[in-house]
Amino acid sequence: MNVPTSYLLALSGVLFVIGAMGVLTRRNAIVIFMSIELMLNSANLAFIAFARSFVDLQGQVMVFFVIAVAAAEVAVGLALIVSIFRTKQSIDVDQISSLKG
Amino acid sequence: MNLSEVAQSGGLFSYAPLIIAFPILGLLINMIFGRRLGERFVGITASSAVVLSFIVAILQFIALLGEPEGAQVMMADWITIGSLSVPWALKVDSLSVTMILMVTGVSALIHIYAIGYMHDDVRFQGDPGRFARFFIFFNLFVAAMMVLVSANNYLMMFVGWEGVGLCSYLLIGFWYEKGEGGIANAIAGKKAFVVNRIGDFGFLIAMFLIFWTFGTLQFEEVFHLAEHGEVASLGMLTAITLFMLLGVTGKSAQIPLFVWLPDAMAGPTPVSALIHAATMVTAGIYLIVRNNVLFGLAHTSSDVVAIIGAVTAFVAATIAVGQFDIKRVLAYSTISQLGFMVAAAGIGAYVAAIFHLVTHAFFKALLFLSAGSVIVGLEHGLHDSGHHGEGDHHDEDGHHDFDPNDMRNMGGLRTKMKTTFLVYLVGALALTGIPPLAGFFSKDEILADANQEFMAIYILLAIAAIFTAFYMGRQVLMVFFGDPRSDAAKRARENPPVMTLPLIGLAILAVVGGGLNLPGIHSLTDWLEHTLAHVHATEFNLFVAVLSTVLALIAIWIAWTVYGRRFLQEGQPDPLRKILGPLFTVFENKYWVDEFYDLIIVRPYVSLAAFFADVIDWRFWHDWFHDTIIARSFRGTARWLAEGFDLPVIDGAANGLANVVKSFSTRLRALQTGYVRNYALSLFVGLILVLSYILFR
């Protein structure tokens with residue numbers, strides 16, 4: 001069952017696009033975060049695909065880094081969202097427009 | 001002549017510049033300190049300055065005795081252009097020293113007299129503060145006259161010529177706010193200046209012609225070239241001398257420019273005595289005598305000079321007969337006597353002219369000063385008779401309507417002013433030419449010369465002499481004899497010695513002055529021979545002498561029959577009016593010369609000037625050209641520039657720039673929506689752009 005690398009990459013690309021669409025389109029801050037996670041994970045998938053195809057462990061090591069960074073980023077991001085919620089009583093990003101020029 | 005030939009200040013000659021320096025010093029001191037230090041100081045300073053000049057002149061005389069050819073004393077370089085050299089240099093020779101001695105001597109006496117006269121006059125006219133100014137002008141006059149007679153070149157002489165004209169103007173109009181209508185004195189001064197200027201124009205043209213012909217302006221060089229060089233044609237010499245004659249007629253009051261002298265009597269009497277009798281008016285005769293070389297060569301001009309002199313002598317003598325103002329009689333007498341001198345110079349009798357010039361200075365100054373004494377005496381009488389104060393008639397100009405100059409207001413002053421009467425008599429007899437007084441010898445020399453050279457001139461001068469005797473007799477009889485014809489005359493009194501002593505001095509000179517050139521001894525002829533070419537001693541003509549004396553005595557007798565047998569009463573018209581009839585009116589109105597000049601010259605000129613001023617200058621130039629054309633177009637241009645150019649273009653550019661920036665920024669601001677998702681979208685788009693660039697380059 002040799003899944004061709006191109007399939008994995010195509011999946012990675014599709015996931016990335018879905019994640020990007022989510023970031024751009026959704027209003028809920030948590031959903032945006034989820035989409036960001038989706039993008040990150042799609043990159044992870046691309047890394048794994050290449051690690052498998054070139055039989056190189058470096059790709060997998062990168063995944064570890066990415067996962068760690070994603071976790072840290074989520075922590076910070078969720079803290080920000082909680083803080084915003086305390087101010088605005090809502091996490092609708094469209095309402096955080098006080099920097100409007 | 002180059003200045004290496006100028007005598008290098010030998011001995012006493014080197015003091016000559018002091019003659020000019022002393023009066024200038026006097027006037028400067030009076031200008032700076034005069035007002036503070038009082039009348040006595042001013043008078044003494046001014047008189048001392050002139051006396052010192054006189055002493056220096058005597059030193060020059062002594063120097064000349066040892067060195068009769070004279071010297072040229074260099075003071076400073078003035079103009080040196082190419083070959084033209086005009087220095088400030090004095091020509092000290094017998095002719096100039098004669099003039100200097102006469103001027104400073106008579107001036108000194110008149111200065112002293114003026115101290116007393118002006119003391120009264122400034123109080124009579126009401127401005128005691130003007131005392132110093134008088135003596136400043138007087139000293140300035142003496143300085144200018146000294147420059148005139150001692151110059152060694154035409155240009156320096158012209159400086160003096162103009163200077164005396166200026167001082168004449170200043171002094172005639174000394175009481176500039178007085179006189180008829182509050183302006184008559186100023187007008188008289190202006191008239192003198194303007195008429196003199198016409199003469200000056202003649203002098204200037206002559207000077208230009210001299211420079212053009214001879215290339216130099218120094219006397220010695222010009223005369224040398226005229227006689228020995230071949231540079232000057234007869235026509236040119238005639239032209240030069242005729243233009244000089246114009247200057248002479250202006251300065252020495254001959255026909256046709258004599259009209260200023262009678263009006264000049266508006267000035268204070270010392271001014272009339274000094275300037276218009278003894279000194280300034282003699283400058284013209286000095287000019288002719290100095291240029292005897294040129295006049296000797298241009299025979300036609302000499303004849304013209306002689307004729308003008310003789311005619312003037314005659315006409316002026318007739319006018320004097322009809323005058324009532326005591327000073328005006330003397331003024332016309334001066335014009336007449338100047339005519340004698342000019343005629344003498346015209347016929348070549350230069351020594352006679354100078355002789356008469358000197359003696360005339362003595363007795364005419366004496367007569368004027370005595371007339372001044374009479375006038376002041378009358379003014380004192382006016383005060384004393386209580387007219388000053390309540391009963392006094394002053395019109396707005398402060399002008400008394402009683403005229404102290406009018407002989408009809410005088411009479412009987414013989415007893416009231418004895419000294420003045422005696423000296424006046426001496427002066428009158430001298431003027432008339434009664435031997436052995438000075439006037440006889442000098443006038444007789446002129447008549448003898450005329451008899452020899454030019455009979456028509458002799459006849460004119462002899463008739464003029466008859467009239468002279470007549471009007472002087474008329475004047476003496478009207479003023480001093482009979483009964484006083486007014487209150488002022490009744491109370492007239494003699495003047496203090498500061499005024500009478502100079503009169504006595506001048507009277508003595510009038511008596512002994514004839515000794516200057518007695519027939520046979522002719523000291524003056526010998527003296528002047530060193531300077532003037534071709535002088536010869538006039539032979540004593542017994543016939544002429546006796547005839548002139550007899551005619552003068554007859555004329556005096558006629559005057560006595562008219563005015564002496566029955567003295568003029570108060571309010572009585574002049575008996576001469578009945579005798580001469582319309583002729584008297586002609587004389588009294590001076591042949592209407594002033595009116596004629598006014599009609600022919602003055603009025604057209606004034607209307608021409610008014611035309612230029614009002615129409616051309618004001619209406620055309622100012623109103624039309626300036627206001628309409630220039631001002632309007634300028635304002636229009638300025639408006640266009642401001643509104644048409646500055647506002648739309650420049651402001652528009654600046655404002656437009658700002659507007660562009662504003663609209664751009666407004667549009668740019670639209671990017672800042674504040675929506676996080678928009679920012680995320682732009683991030684995404686940028687990412688795609690960069691990626692496509694990297695992928696597809």
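Chain B contains 26 helices and two strands, where helices (H or I, at least four residues) and strands (E, at least two) are DSSP runs numbered from the N terminus. The radius of gyration of chain B is 37 Å, well over the 26 Å given by the globule rule for 697 residues, so the chain is more spread out than a compact globule; the radius is taken over C-alpha atoms, and the rule is 2.2 Å times the number of residues to the power 0.38. This is a predicted model, in which local features need pLDDT of at least 70 and side-chain atom pairs count only at pLDDT 80 or more, while totals for chains, interfaces and linings use all residues. Residues are numbered from 1 along each chain as its sequence is written, with chains lettered from A and ligands numbered from 1 in the order in which they are written.

Taken along the principal axes, the box filled by the C-alpha atoms of chain B is roughly 150 × 70 × 50 Å. Of its 697 residues, 51% count as buried; a residue is buried if 20 or more other C-beta atoms, placed from the backbone, lie within 10 Å of its own, exposed if 12 or fewer, and partly exposed in between.

Turning to the partner chain, ten residues of chain B are in contact with eleven residues of chain A. Helix α26 (residues 676-696) of chain B supplies five residues, the largest share of the side of chain B that touches chain A. By class, that side has five nonpolar, three polar and two charged residues, with Ala, Val, Leu, Ile, Met, Phe, Trp, Tyr, Cys and Pro counted as nonpolar, Asp, Glu, Lys and Arg as charged, and the others, Gly among them, as polar.

Within chain B, the axes of helix α1 (residues 18-66) and helix α3 (residues 131-150) come within 9 Å and cross at roughly 170 degrees. These axes are lines fitted to C-alpha atoms over the stretch in contact, with angles from 0 to 180 degrees between N-to-C directions. α1(B) and α3(B) are therefore roughly antiparallel, given that angles over 145 degrees count as roughly antiparallel, under 35 as roughly parallel, 65 to 115 as roughly perpendicular and the rest as oblique. The residues of this contact divide into 20 nonpolar, seven polar and two charged.

Two further helices can be described by span and burial. Helix α22 (residues 542-564) of chain B has 23 residues and reaches 31 Å from first to last C-alpha, close to the 33 Å expected at 1.5 Å a residue; the expected span is 1.5 Å times one less than the number of residues. Buried residues of α22(B) include Val544(B), Ser548(B), Ile556(B) and Tyr563(B), and their cover includes α16 (418-432), α17 (438-453) and α18 (455-480) of chain B. Helix α4 (residues 154-172) of chain B, with 19 residues, reaches 26 Å, close to the expected 27 Å, and 14 of its 19 residues are buried.

Val248(B), in helix α7 (residues 234-251) of chain B, counts as buried with 29 C-beta neighbours inside 10 Å. Leaving aside neighbours within four places in sequence, Val248(B) is in contact with Gln254(B), Gly284(B), Leu287(B), Ile288(B) and Val342(B).

Definitions and conventions: Contact = placed C-beta atoms within 7 Å.
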